[in-house]
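Hello,

Here is the model for you to open alongside this email. My notes follow below it.

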Amino acid sequence: MTECRALLAAGIEHINALLKDLSTEPDGFWGTHLEACTALVAQAMTEMEIRYHAKLRQARERFAETTRRLSEAEIAELVSSLSALPTAAPWPIAVPAPCPACGHTGFASGRDKTGEYGAIWFLPRHFGCRLCGLALTMWELDLAGIKGQILNDDEEPDPDWEPDFETY
């Protein structure tokens, strides 16, 4: 049920983004269903935030339990050895990113997309941290602040341009 609600909410948000691009008001499109659609999106976001914060709490507890009996030197060695390796993911690219649960280095995995002006963008789809066991999926990445980024920074990109993440 929760996954269906999240999928419906994602569809509604996508349609609302299209309506905005077309300079069309949502109430004209949704008609009498506008209130139900708005409530469904809000409920799905609230549920996602609750699940996200529960995942963070569980990951913090796992890390604390794992390191509870270790000395500072042993913790440093553990962090050094485990934070160097990305977690297994079905995506071809892994980029280091700070873990929102334990603060150490985890990896966002995803795919690349060639954008305008030769820029190559990284589009994250998953995050994993070997130290605390946190795993985040696509929609949770926004809550964690893990967003797309330019991989090749050879030249200065246009600061006002952003890729179309909605199509991927």
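**Helix H3 and the rest**

Helix H3 buries Cys37, Val41, Ala44, Glu47, Met48, Tyr52, Ala54, Leu56, Ala59, Phe63 and Thr67. Buried means under 20% relative accessible area, exposed over 50%, and partly exposed in between, with a 1.4 Å probe and protein chains only. Helices (H or I, at least four residues) and strands (E, at least two) are DSSP runs, numbered from the N terminus.

This is a predicted model: local features need pLDDT of at least 70, side-chain atom pairs count only at pLDDT 80 or more, and totals for chains, interfaces and linings use all residues. Residues are numbered from 1 along each chain as its sequence is written, and side-chain values use heavy atoms, with hydrogens and water left out.

**H3 length**

H3 covers residues 34–67, which is 34 residues. At 1.5 Å a residue it should span 50 Å, and its end C-alpha atoms are 50 Å apart, so the two agree. The expected span is 1.5 Å times one less than the number of residues.

**Overall picture**

The protein has five helices and five strands. From the N terminus the order is α-α-α-α-β-β-β-β-α-β. Of the 168 residues, 31% are buried. Among contacts (heavy atoms within 4.5 Å) with a separation of 6 or more, 55% join residues 24 or more positions apart.

**Strand S3**

Eight of the nine residues of S3 are buried, so the strand is largely enclosed by the rest of the structure. Strands count as paired if DSSP finds at least two bridges between them. Here are the partners of S3.

- S2 (residues 105–114) is antiparallel to S3, with eight bridges. Asp112 has Phe122 as its bridge partner in S3.
- S5 (residues 149–150) is also antiparallel to S3, over two bridges. In S5, Gln149 stands opposite Phe122.
- S4 (residues 135–136) runs antiparallel to S3 and is joined by two bridges. Gly128 has Ala135 as its bridge partner in S4.

S3 and S4 form a hairpin, with six residues between them. Gly133 in that turn has a positive phi of about 80°.

Ile120 lies in S3, which covers residues 120–128. Its relative accessibility is 28%, so Ile120 counts as partly exposed. Beyond its neighbours within four places in sequence, Ile120 contacts Asp112, Lys113, Thr114, Gln149, Ile150, Leu151 and Asn152. Leu151 is 31 residues from Ile120 in sequence, yet their C-alpha atoms are 5.6 Å apart.

**Cores**

In soluble globular proteins, nonpolar side chains tend to be buried together. A nonpolar core here is a set of buried Ala, Val, Leu, Ile, Met, Phe, Trp, Tyr and Cys residues joined through side-chain atoms within 4.5 Å.

The largest nonpolar core has 22 residues. Cys99, Ala101, Cys102, Phe127, Cys129, Cys132 and Leu134 have the most contacts inside it. H3, helix H4 (72–82), strand S1 (93–98) and S3 each give two or more residues to this core. H3 gives the largest share, four residues. A second, separate core has seven residues, including Leu19, Trp30, Cys37 and Val41.

Best wishes
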